[in-house]
Amino acid sequence: MSYDPLHPHTHDPNLETPAGDGSFVLSRPGHTPLTLAPHDLAALPQTSLPNCFIVSTGHGTSGPFTFSGVTLRELLSHYLPAGESCAQIEIISADGFGTRVWAGELLPGRDRPILLATHRDTLPLTRDQGLVRLIVPSETDDALRQVKWINQVRCIAP
Ligand SMILES: Nc1nc2c(c(=O)[nH]1)N[C@H]1C(S)=C(S)[C@@H](COP(=O)(O)O)O[C@H]1N2
Ligand SMILES: [Mo]
């Protein structure tokens with residue numbers, strides 16, 4: 001199988017913050033892409049997730065943190081026209097890293113929700129800290145899904 005940047009087997013964190021201000025492009029099948037900035041996320045309902053850890057075998061664990069921002073579920077329900085959905089969502093960062101989220105992971109009540117975090121412990125995330133950062137609470141192995149510097153959210157049609 002070829003290398004998939006959205007499903008890396010091993011990864012050393014990139015220590016160089018890529019250029020950008022936290023804006024990202026939301027693509028939706030059959031619609032014009034939208035550019036969204038952290039202030040657009042601030043206008044949506046906010047969710048806080050206490051007791052988050054960034055766990056990395058080999059380079060330590062940090063936390064607990066309370067990350068807050070907008071759930072991926074909320075973002076999509078706000079920006080997708082009624083009745084439309086995604087089978088998968090690709091979350092891609094400015095440094096070419098990323099993860100894939102399946103629709104089933106967005107179902108309410110299944111796990112703690114997947115979050116597009118703009119704040120950590122009530123303070124705005126700095127760009128160096130990963131603005132805007134995906135937090136996947138169910139991932140506690142290697143931080144490979146805790147994607148910093150999101151610059152694309154791509155909804156893949158069912
Ligand atoms: N965009 C991006 N996100 C990333 C990475 C990366 O290289 N680029 N590395 C991952 C890995 S392997 C780790 S261990 C954590 C490190 O997160 P920290 O900087 O909060 O410690 O970020 C994860 N998210
Ligand atoms: Mo890691």
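**At 36% relative accessibility, Asp121 counts as partly exposed, a class between buried (under 20% relative accessible area) and exposed (over 50%), found with a 1.4 Å probe and protein chains only.** Asp121 lies in the loop between β7 and β8, and Thr122 is found in that loop too. Strands here are DSSP runs of E with at least two residues, helices are runs of H or I with at least four, and both are numbered from the N terminus. Asp121 is not a glycine, yet has a positive phi of about 50 degrees. Phi of Thr122 is also positive, near 70 degrees, and Thr122 is exposed, with a relative accessible area of 68%. Most residues other than glycine have a negative phi.

A note for every view: residues are numbered from 1 along each chain as its sequence is written, while chains are lettered from A and ligands numbered from 1 in the order in which they are written. This is a predicted model, in which local features need pLDDT of at least 70, side-chain atom pairs count only at pLDDT 80 or more, and totals for chains, interfaces and linings use all residues; side-chain values use heavy atoms, with hydrogens and water left out.

**Two cis peptide bonds.** One runs from Gly63 to Pro64, with omega near 0 degrees; Pro64 sits in strand β4. Another joins Leu131 and Val132, where omega is about -15 degrees. Val132 belongs to the loop between β8 (123-124) and β9.

**Ligand 1 and its surroundings.** There are 17 residues around ligand 1, the closest being His11, Asn14, Asp95, Arg133 and Lys148; a residue is included if one of its heavy atoms lies within 4 Å. Look for a polar side-chain atom of Asp95, 2.8 Å from a nitrogen atom of the ligand. A polar side-chain atom of Arg133 lies 2.8 Å from an oxygen atom of ligand 1, and a polar backbone atom of Gln146 is 2.9 Å from a ligand nitrogen atom. On its own, ligand 1 has 530 Å² of accessible area, and the protein covers 86% of this (Shrake-Rupley method, 1.4 Å probe).

**The largest nonpolar core, with 38 residues.** Such a core is a set of buried Ala, Val, Leu, Ile, Met, Phe, Trp, Tyr and Cys residues joined through side-chain atoms within 4.5 Å. Leu72, Leu75, Leu116 and Val153 touch the most other members. Helix α2 (72-79) and strands including β4 (60-71), β7 (115-120) and β10 (150-156) each give two or more residues, and α2 gives the most, with four. Not counting residues up to four places away in sequence, Leu72 touches Ile89, Ile91 and Val153, among others; contact means heavy atoms within 4.5 Å.

**The buried face of α2.** Leu72, Leu75, Leu76 and Tyr79 are the buried residues of this helix. Seen down the axis of α2, they fall within an arc of 90 degrees, so they line one face of the helix; the arc is that of the directions from the helix axis to the C-beta atoms.

**Ile150, a buried residue at 0% relative accessibility.** Ile150 lies in strand β10. Leu134 is 16 residues away along the chain, yet its C-alpha atom is 7.4 Å from that of Ile150. Beyond four places in sequence, the contacts of Ile150 include Phe24, Ile91, Leu116 and Leu134.

Conventions:
A polar contact is a pair of N or O atoms within 3.5 Å; within protein, one must be able to donate a hydrogen and the other to accept it, and residues adjacent in sequence count only if both atoms are side-chain atoms.
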